[in-house]
Amino acid sequence: MVGAVQLRRFGGPEVLEYVDVEVGDPGPGEARVRHTAIGLNFIDVYHRTGLYPLELPTGLGSEAAGVVAAVGEGVTHVRPGDRVAYTSSQPLGAYSEERLLDARWLVRLPPTIADEIGAAVMLKGLTSWYLLKRSYPVAPGEWVLLYAAAGGVGLIAAQWAKHIGARVIGVVGTEAKRELALAHGCERVLLASDDIPARAHEIAGGVPVVYDSVGRDTFFKSLDCLRRHGVMVSFGNSSGKVDPFSLQELTKRGSLYVTRPTLVDFIRERADLDAGTAELFDLIAAVTLRIAVNQRYALREAAMAHRDLEARRTTGCTVLSP
């Protein structure tokens, strides 16, 4: 038996239960992984509350690092003893000491990447990769506007965008977070209480792309930040789902584009997963990306971690320790 956090009903952090579970032997195409570090992400809150519905009971968590304990028939790219990391929501279950999962999601960690960093960057780092390289390929010299710029994705994406040569306008909630964002790639940082569209037009004449993980509260503000033919990349719902809207809203703001991407569609093919992680790991090894693990909790303290995350008391990356 191993310890794991499970969800039997939707609700607040109090619904997270630490229980003992049985982990069997891996079947064909599967691997059993002993976790050494687990990543915390805001999507975990969406799953816990039922915003993204799940069949209950279920595990929770979609990113972790660890050691391969066993592999099933047909698995050849990893073997027992390998240090690995992954991001996968099919199914959830990273909040555990050990688990079985489809081995196709596993990537080997190079010696230059610590387990804690591997657990912290698979979802957030690959999200930054697809935002900047796939959803809207950012060009050198372009201004971009990035919400939650002091968060886990925000700190990575801002540094990556700067590395590409883009100029980043970050949006944060507090003065302390402003300083953190400025130290991690943002050229200008606005407070959420500012008139964001007015400032975006003042600074850049309107931006070609907005990366918005907030959702309902900022959606139309984000549209108003864009220049003609700009792209709104809505990739999160921390304030709630975006309400239905008329397509005329895009027309009257200058023939805008809106996309709602999700990571799995950019790493479904093994070649894409390998390409994204290779680029991510190379930038971390070169210290082009400085990964800030600013909060650590025991796995048993997952409910406390969720409370702090929702209360905006966290910055950068957060990991759970089995």
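What follows is a set of questions about labels and the values behind them.

Modeller: This is a predicted model, where local features need pLDDT of at least 70, side-chain atom pairs count only at pLDDT 80 or more, and totals for chains, interfaces and linings use all residues. Residues are numbered from 1 along each chain as its sequence is written, and side-chain values use heavy atoms, with hydrogens and water left out.

Biologist: Why is helix 2 called roughly perpendicular to helix 9?

Modeller: Two packed helices are described by the angle between their axes and the distance between the axes. The axes of helix 2 (residues 115-135) and helix 9 (residues 270-285) cross at roughly 110° and come within 9 Å. Axes are lines fitted to C-alpha atoms, for helices over the stretch in contact, and angles run from 0 to 180 degrees between N-to-C directions. Under 35 degrees is roughly parallel, over 145 roughly antiparallel, 65 to 115 roughly perpendicular, and the rest oblique. So helix 2 is roughly perpendicular to helix 9. Helices (H or I, at least four residues) and strands (E, at least two) are DSSP runs, numbered from the N terminus.

Biologist: Which residues in helix 2 meet helix 9?

Modeller: Contact means heavy atoms within 4.5 Å. Helix 2 brings Ile-117, Val-121, Met-122, Gly-125, Leu-126, Trp-129 and Lys-133. Their partners in helix 9 include Leu-273, Leu-280, Phe-281 and Ile-284. By class, this contact has 9 nonpolar, 3 polar and 3 charged residues. Nonpolar covers Ala, Val, Leu, Ile, Met, Phe, Trp, Tyr, Cys and Pro; charged covers Asp, Glu, Lys and Arg; the others, Gly among them, are polar.

Biologist: What makes helix 1 and helix 10 roughly perpendicular?

Modeller: Helix 1 (residues 42-49) and helix 10 (residues 302-310) pack at an angle of about 110°, with axes 10 Å apart. Therefore the two are roughly perpendicular to each other. Phe-42, Asp-44, Val-45 and Arg-48 in helix 1 meet His-306, Leu-309 and Glu-310 in helix 10. That contact has 3 nonpolar, 1 polar and 3 charged residues.

Biologist: Why is Ser-128 called buried?

Modeller: Buried means under 20% relative accessible area, exposed over 50%, and partly exposed in between (1.4 Å probe, protein chains only). Ser-128 has a relative accessible area of 0%, so it is buried. Ser-128 is found in helix 2. Leaving aside neighbours within four places in sequence, Ser-128 is in contact with Val-153, Ile-156, Ala-157 and Trp-160.

Biologist: What makes the pair Ser-128 and Ala-157 a polar contact?

Modeller: A polar contact is a pair of N or O atoms within 3.5 Å; within protein, one must be able to donate a hydrogen and the other to accept it, and residues adjacent in sequence count only if both atoms are side-chain atoms. The backbone nitrogen of Ala-157 lies 3.4 Å from a polar atom of the Ser-128 side chain.

Biologist: How do you know that Ile-291 counts as buried?

Modeller: Its relative accessibility is 17%, so Ile-291 counts as buried. Ile-291 is found in the loop between helix 9 and strand 15 (293-298). Not counting residues up to four places away in sequence, Ile-291 touches Ile-117, Val-121, Ile-156, Ile-284 and Cys-317. Ile-291 and Leu-155 are 136 residues apart in sequence, yet 7.9 Å apart in space, C-alpha to C-alpha.

Biologist: Why is Arg-312 called partly exposed?

Modeller: Arg-312 has a relative accessible area of 42%, so it is partly exposed. Arg-312 also has a positive phi of about 60° although it is not a glycine. Ala-148 has a positive phi too, about 50°. At 35% relative accessibility, Ala-148 counts as partly exposed.

Biologist: How do you know that strand 9 and strand 12 pair?

Modeller: Two strands pair if DSSP finds at least two bridges between them. Strand 9 (residues 143-147) and strand 12 have 2 bridges, in the parallel sense. Leu-146 stands opposite Tyr-211 in strand 12. Strand 12 is joined to strand 13 (residues 226-234) by 5 bridges, and these two run parallel.

Biologist: What makes strand 12 (residues 207-212) mostly covered?

Modeller: 6 of its 6 residues are buried.
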